[in-house]
Amino acid sequence: MKPVVEVENLSKLYRLGAIGASSVRESLEKLFRRGGNGTAPKAATKENPIADDRVGPEPNTFWGLKDVSFTVNPGEIIGVVGRNGAGKSTLLKILSRITEPTSGRAILRGRVVSLLEVGTGFHPELTGRENIFLNGAILGMKRAEIAAKFDEIVEFAEVGKFIDTPVKRYSSGMFVRLAFAVAAHLEPEILLIDEVLAVGDAGFQKKCLGKMGEVASQQGRTVFFVSHNMGAVRSLCEHALLIDGGRLVKTGHPGDVISHYLSASMPKDSEIEGQIWWNGDKDAPRCDDVALRGIRLLNPEGVPQSTFEADKPITIEIHYQILQRLRGARFCITLLTQEGEYAFTATDHLFQSETQLPGSYKTACLIPGGLLNRRNYVVHVQCDIPGERYVLPGAEYLSFNVAGVGNQSSNFPEPWPGVVCPRIEWKVEPALK
Amino acid sequence: MAEITAPPTYEIVIQPSRGWLTIDWRELWEYRDLLVLLVQRDFISRYKQTLLGPLWHLLQPVMNAAVYFVIFWLIARIPTDDVPPPLFYLCSQLAWNYFAQNVTIGGATFINNAHLFGKVYFPRLIVPVSVVVANLIAVGLQLVPFILCFAYYRFFTPHGATLPLTWWLLLAPLPLFQTALLSLGVSLWMSASTAKYRDLVHLNQYLIQIWMFATPVVWPLSKIPPEWKWIALANPMAVPVEALRICLLGRGTLGATEVIVSILLTLAVLATGIVAFQKVERTVIDSV
């Protein structure tokens with residue numbers, strides 16, 4: 001069987017700053033400068049240089065994507081992972097035909113539907129019913145096909161009697177459900193999805209993931225899935241691609257690829273055994289409101305380290321600076337296994353004061369001993385105001401290893417399944433007759 | 001719902017496009033339902049929710065006709081081919097307003113749809129075409145004051161005798177069709193240019209205003225001096241406006257040369273507009 005997607009040496013060159021020219025004046029200025037393309041508005045600067053391997057052939061150009069080749073077989077679910085700006089979205093935009101590649105080519109065998117955003121083209125004045133037809137048509141369906149799927153879409157979206165209400169009166173949850181339902185029922189041979197599952201509540205996310213799995217396994221369709229949700233990529237995909245610096249770095253089993261991604265994304269040089277310390281450096285993660293000063297992993301003696309005993313507690317300290325008065329912000333720590341499964345997420349929300357005033361602070365989370373399994377974990381930290389916005393977008397900063405005698409007290413280091421391995425009481429006794 | 005997937009009916013090849021015209025006409029046809037739904041969307045969003053929406057379209061030509069009457073008839077004394085001036089102005093506006101609306105909305109295709117175009121692929125040409133189709137509804141609304149005015153002069157004034165109902169009426173859609181093609185061509189050119197140079201949006205507005213005065217909207221072709229005759233030849237919009245008056249009011253002067261040149265110019269603008277549009281469309285999303 002022929003592969004359903006064939007990508008050969010796909011490359012995309014972007015121009016920095018003056019993309020084309022945004023006004024006639026700039027264009028004329030450029031013309032009269034006689035080839036002096038020295039001062040483009042947003043030229044690469046010292047603070048924001050173009051990585052060496054991405055520099056394009058002309059000044060102020062860079063490769064958004066460079067020589068990417070792969071094939072996908074029918075019915076596969078492919079996960080695409082990589083850091084922000086690595087080129088994942090560029091790849092998806094080219095495959096969705098939103099923009100053209102600079103060189104190389106891709107062959108897609110079958111109808112393609114791309115879902116780069118939930119609800120693209122929805123019109124607030126139109127009713128749910130009208131929007132289903134409009135959105136379906138924008139995504140490439142015929143009217144008759146949409147009509148045939150209509151009841152299924154409405155049922156999946158759980159909008160019921162609101163179907164003839166203008167969507168501007170929908171709750172955001174209903175809106176998202178309806179929008180995803182349309183896309184999920186399109187039945188293209190190839191479905192391209194970008195991060196759309198980041199919206200919607202957990203229950204609905206699960207439903208969407210289930211639907212995607214069903215689309216691929218039962219209907220033999222191919223799903224191309226770009227995500228930061230390592231758990232979803234891991235559980236859903238049979239294959240993963242890691243893109244970094246515009247290049248395809250690794251392909252293979254999702255577990256291996258995610259593990260490679262997470263271990264490679266650790267900032268090595270600044271990490272000294274269980275701590276990362278910026279202390280006011282320019283490259284510290286920061287925004288207008290908050291700057292991180294450092295993150296430390298401490299053993300019970302208060303010493304930073306990166307290997308911990310399974311039965312000893314671990315303290316994760318976040319040192320940060322509030323630069324502007326904030327209301328309702330919280331820190332969240334998510335622990336992932338090196339393979340990308342979520343272990344748990346914890347937040348200091350209940351312990352934070354309602355209003356945070358400028359100054360230096362430290363928030364610390366105490367992970368009790370006897371909880372984690374013997375494996376590698378990655379610490380993901382983010383700061384947000386729930387229901388409002390992200391203050392500092394989440395990122396993986398540190399990794400550590402849990403070793404020693406396991407919580408199940410087995411003395412030989414057998415690999416034990418599970419993202420955590422809590423110490424649990426057992427009782428064995430003679431049964432009474 | 002296990003089903004055997006039919007073998008993919010077509011292959012999409014994505015690569016840098018070369019050549020002038022790479023329009024996939026079959027694909028455009030595949031998306032015809034989208035055209036219908038976009039027209040429907042425009043109709044609903046413009047007319048369903050607002051009470052004043054349709055009323056505005058009735059009012060606009062009437063107000064314009066009143067202004068033209070004062071300035072061009074009472075003050076400037078520009079003759080109107082012996083047609084009652086209000087009727088003359090309402091008739092010209094049927095074609096001209098249709099043209100101006102198409103160009104104003106269609107000319108900003110890439111700017112107005114930047115978000116949509118950045119998230120989903122479909123043949124971009126569908127959007128300006130849908131604008132041209134959707135604006136026909138406004139033409140229909142404009143017909144109401146025109147017909148009322150026509151009926152008044154026909155049946156209640158001595159002018160009635162000079163306003164015969166002839167078989168020419170049936171040809172009235174033809175000038176409107178040419179207007180549609182020409183305005184599509186111009187809006188494709190404008191979308192392509194404003195996508196690259198944002199500040200041309202303002203220039204385009206002036207262009208439409210000036211263009212109106214170069215078109216026989218408030219004056220008849222019969223009254224321009226011979227040395228200005230070339231305007232009728234150089235401006236492809238002159239013929240449809242005059243032709244519509246011939247069809248509806250039985251008054252106007254057009255030679256075969258003017259008609260043929262105008263049609264050829266219209267087709268040329270449309271063809272080059274399509275080329276310009278799709279040249280921009282390929283990578284426009286990298287810049288807007």
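Modeller: A crossing of two helices is left-handed if the near helix is turned anticlockwise from the far one by less than a right angle. In this predicted model, α8(B) passes α11(B) in a left-handed crossing.

Biologist: Which residues make that contact between α8(B) and α11(B)?

Modeller: From α8(B) come B:Pro175, B:Leu176, B:Gln178 and B:Thr179, and from α11(B) come B:Pro240, B:Ala243, B:Leu244 and B:Cys247. Sorted by class, six of these residues are nonpolar, two are polar and none is charged.

Biologist: Why are α8(B) and α11(B) called roughly antiparallel?

Modeller: Helix α8 (residues 173-196) of chain B and helix α11 (residues 238-249) of chain B pack at about 165°, with 8 Å between their axes. Angles over 145 degrees count as roughly antiparallel. The two helices, α8(B) and α11(B), therefore fall in that class.

Biologist: What else does chain B contain in the way of secondary structure?

Modeller: Chain B has 12 helices and one strand in total. The C-alpha trace of chain B spans about 75 × 45 × 35 Å along its principal axes. Of the 288 residues in chain B, 38% are buried.

Biologist: Where does the strand of chain B go, that is, what is the order of strands in the open sheet?

Modeller: The open sheet has four strands in the order β2(A)-β1(A)-β4(A)-β1(B), and their pairing is antiparallel.

Biologist: What makes a strand of this sheet an edge strand, and which strands are they?

Modeller: An edge strand has a single partner strand, which applies to β2 (61-72) of chain A and β1 (11-14) of chain B, so each of them has one side without a neighbour in the sheet. From one strand to the next the twist averages 20°.

Biologist: How do you know that β4(A) and β1(B) pair, given that they belong to separate chains; how many bridges join them?

Modeller: Four bridges join β4(A) to β1(B), and the two run antiparallel. At least two bridges are needed for a pair, so the strands qualify.

Biologist: What joins β4 of chain A to β1 of chain A?

Modeller: Strand β1 (residues 5-15) and strand β4 (residues 103-109), both of chain A, are joined by five bridges and run antiparallel. Here A:Val5 has A:Leu108 of β4(A) as its bridge partner. Helix α2 (residues 88-95) of chain A packs on the sheet, touching β1, β2 and β4 of chain A as well as β1 of chain B, and its direction makes about 65° with that of β2(A).

Biologist: Why is α2(A) described as largely enclosed?

Modeller: A residue is buried if 20 or more other C-beta atoms lie within 10 Å of its own. Eight of the eight residues of α2(A) are buried, so the helix is largely enclosed by the rest of the structure. Among them are A:Lys88, A:Lys93 and A:Ile94. Just after α2(A), A:Arg97 has a positive phi of about 65°.

Biologist: How many residues of each chain take part in the contact between chain A and chain B?

Modeller: Chain B gives 35 residues and chain A gives 45. On the side of chain B, β1, α2 (32-48) and α6 (114-119) each supply at least two residues. The largest share, six residues, comes from α2(B). By class, this side of chain B has 17 nonpolar, eight polar and 10 charged residues.

Conventions: Residues numbered from 1 in each chain as written. Chains lettered and ligands numbered in written order. Predicted model: local features only at pLDDT ≥ 70, side-chain atom pairs only at ≥ 80, totals over all residues. Axes fitted to C-alpha atoms, helices over the stretch in contact; angles between N-to-C directions. Contact = placed C-beta atoms within 7 Å. Buried ≥ 20, exposed ≤ 12 C-beta atoms within 10 Å, placed from the backbone. Parallel < 35°, antiparallel > 145°, perpendicular 65-115°, else oblique. Nonpolar A, V, L, I, M, F, W, Y, C, P; charged D, E, K, R; others polar.
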